[in-house]
Amino acid sequence: MSSNAATRVSVEIAGTEISLETGRMAKQASGAVVIHAGDTMVLCTATAGNLRDVDFLPLTVDVEERMYAAGKIPGSFFKREGRAGEKGTLTARMIDRPIRPLFPKGWRYETQLVAIPISVDHITPYDILAMNGASAALMVSHIPFPAPVGSVRIGKVDGNFVVNPSEQDLLENTDLDLVVAGTEEAILMVEAGANEIPEAEILDALDIAHEAIRKVCAAQRQLAEQAGKEKIAVAVLQVDERLYEEIERSHGEKLAAATSVEDKLARQDATKAVETEVLEAYAATAASDEAPAAERRSAVQRAFDKLEKTLVRERIAVQKLRPDGRGAGEIRPIDIEVSVGPRTHGSALFTRGQTQALSVVALGTLRDEMRLDTLGLETSKRYFHHYNFPPFSVGEAGFMRGPKRRDIGHGALAERALVPMVPSSEEFPYTIRVVSDILESNGSSSMASVCGSSLSLMDAGVPLKRPVAGIAMGLIKEGDDYVVLTDIAGVEDHLGDMDFKVAGTERGITALQMDIKISGVTFDILRDALSQAHDARTFILEKMGEAIDGPRTELSEFAPRISTIHIDPEKIGLLIGKGGETIRALQEEFESQIDVNDEGQVLVYAQSGIQGDALVERIRSMTKEVEVGDEFSGKVVKTTTFGAFVELAKGTDGLLHISNIAPGQRPDTVEEILNKGDEVEVRVVEVDRERGRIGLRLAGDPEVAGKSVDELAAVGSGDRGPRAPRRDGRPPRDRDRDRSGRPRRDRDPERR
């Protein structure tokens, strides 16, 4: 057999063939699979390294976006890819979360999964392929991964569920973006953004997703059977039952009391004190004298950890008593403050139990939007959410060197939860940045940031369609019995079986994120969790409504003022002027910024409302169609023997007749009253579009002041009333006769 011989299997999902190939690329990796769908192609590898003496799974996942995959050159100064972008980081997290719980408990080898998109067709998103390819790479490797994990995306296009929708549909047409991962038996992970989708529809979508997942898992098994390597045997570290029973007898009651303390930090201190006592008492006698000290200590630690987990879980499952004394469906006390920062555009402090999030809004112009240099179709974002988790929030000291993967993931979740409720740029022409700083954390900080951010957006005057709230659900499952927990605290997340975050409005779900630490959950559990989450969300929304009942009607005085008007696209050139001179002059005069697009939408950015309103009015007067009754402050651009031409807007002049430049008198020449360059307030009394003629009168002329449009039209059509005497005392000239007194040809009815 050739060393380049490849093994290939394929499966059809929703009419699209997905193929898995191994043996052609990256053959020195422990396992390597190239996965195709259409012209999208991802190389996924799994490699095991050195054995580590650690008490956790040393697994890392990297998604390396290559811009050449989409025929692009990176936009950075160095023109090469740097650290992973947000999309790559989020995809790496989606690969990691369903796979990590399935590794054997004794696996301590450094393990790395790498996914590299080689080709992207902008039809099939690469993230689902990377998730399936990573699992397939593990299956064909010698790494003891027990079962394939399949992944699929469900969209809702035109009211119908679609399996693995196109990238274009995801960007423009879908109300649901649901990513589901699981084994043949159960669902392991859910990640979703939705536009107020009801809970029942989410369950239907999960059911459809699981059917497709089974097909993908079957293809991975087929590939492993044909080309898989022999798996490494793993010695799973067991708990010494004799030691466990001894520790339970000697310290069980003390540990039970310590884990029952309601305050998080006090509970941690009390539990740590018992742990120290146990290690000191048993580490030296936990094993034979031949066993190294590290092994003896490790054996005691495993027994103690099991006892702590058992006590907490049994108390919840049997006694229905949570560590902080709450019932299964009870939410911790909620405290809300808005307008916390006096100079910020919008802010809120949301506290739920011992979890506290400070969310702050900053508004900017559309030029401040985030530019995206990625493999996807989306090139910019005008709403984005950043989440920060400093070490002091959990009472620790640590490095603060930029966002970690968890920060990026939680920020993206909060962003997805709020995006459907954010107004469009036409309704609210601002770029919006929200930052959530977690000041205290004891579980569900990401959902606290959703609540805080919704409050801060309303405080900033952003016209959200509806407020959004979030809650985290947990699970304790023993055999067929289970308890779903509302608003889980940190210890319940650590020792429980599920972390299910649900965000939404009063009408439906806008975001989901579920991670499972057991082999899977049933649809009955998911149904109960979604029902409890709905009740909790409704309760929290009521609390939020008590603090602020809707978006403020006025923006902060420190926020920029952005106004929008629409002009006739044919007037765009008039606004811009020759070489941009007109628009530049306006920007300098009003100390503002003007953007105009090809459809005639004009955005005005000003530092104050007064400047913005004045500039908008100037643009409106420059570009609107002149109508009878309009008033203008114009400049005389030309004088003639019969009147003065007044500039109403760039390129639009009106005639102020000599007989009307000085009410009550008739000058011999226009220059006696007006000269070129003079400013004059005028009112339009006649508009003849066919002849291109606009008739004006002085705005203060008693004959036009206070007159209606119909009355002005009569004035403009020739009914000017009695004429003023000439300055030399002679009677006013008859309009129907020339200077010699003969009838004017154009005034003689018989000659018309």
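**A colleague's note on the predicted model**

1. The average pLDDT of the protein is 88, and 93% of the residues reach at least 70; pLDDT is the predictor's confidence in each residue, from 0 to 100. This is a predicted model, in which local features need pLDDT of at least 70 and side-chain atom pairs count only at pLDDT 80 or more, while totals for chains, interfaces and linings use all residues. Residues are numbered from 1 along each chain as its sequence is written, and side-chain values use heavy atoms, with hydrogens and water left out.

2. A word on where the confidence sits. Helices (H or I, at least four residues) and strands (E, at least two) are DSSP runs, numbered from the N terminus.

3. Please read two stretches with care. Over residues 719–732 pLDDT stays under 50, and the model has 30 contacts there beyond four places in sequence. Residues 746–752 also stay under 50, with five contacts beyond four places in sequence. Contact here means heavy atoms within 4.5 Å.

4. Now to the helix packing. Helix α5 (residues 241–258) and helix α6 (residues 264–282) have axes that come within 10 Å and cross at roughly 155°. Axes are lines fitted to C-alpha atoms, for helices over the stretch in contact, and angles run from 0 to 180 degrees between N-to-C directions. The pair α5 and α6 is therefore roughly antiparallel; angles under 35 degrees count as roughly parallel, over 145 as roughly antiparallel, 65 to 115 as roughly perpendicular and the rest as oblique.

5. The crossing of α5 past α6 is right-handed (left-handed if the near helix is turned anticlockwise from the far one by less than a right angle, right-handed if clockwise). On the α5 side the contact includes L243, I247 and L255, and on the α6 side A270, V274 and Y282 are among the residues involved. By class, the contact of α5 with α6 has eight nonpolar, three polar and four charged residues. For these classes, Ala, Val, Leu, Ile, Met, Phe, Trp, Tyr, Cys and Pro count as nonpolar, Asp, Glu, Lys and Arg as charged, and the others, Gly among them, as polar.

6. The helix α2 packs with helix α4 (residues 199–227) at an angle of about 30°, their axes 9 Å apart, so α2 and α4 are roughly parallel to each other. This crossing is right-handed as well. N132, S135, A136, M139 and V140 of α2 meet V216, Q220, L223, A224 and A227 of α4. The residues of this contact are seven nonpolar, three polar and no charged.

7. Two backbone angles are worth a look. A26, in the loop between β2 (16–22) and β3 (31–37), has a positive phi of about 50° although it is not a glycine. S339, in the loop between β11 (334–338) and β12 (346–352), has a positive phi near 55° and is likewise not a glycine. A26 counts as partly exposed at 35% relative accessibility, and S339 is partly exposed at 40% (buried means under 20% relative accessible area, exposed over 50%, partly exposed in between, with a 1.4 Å probe and protein chains only).

8. E703 sits between β29 (693–698) and α15, with its C-alpha atom 8.7 Å from that of P663, 40 residues away along the chain. I123, in the loop between β6 (109–119) and α2, is in contact with P165, S166 and E167, leaving aside neighbours within four places in sequence.
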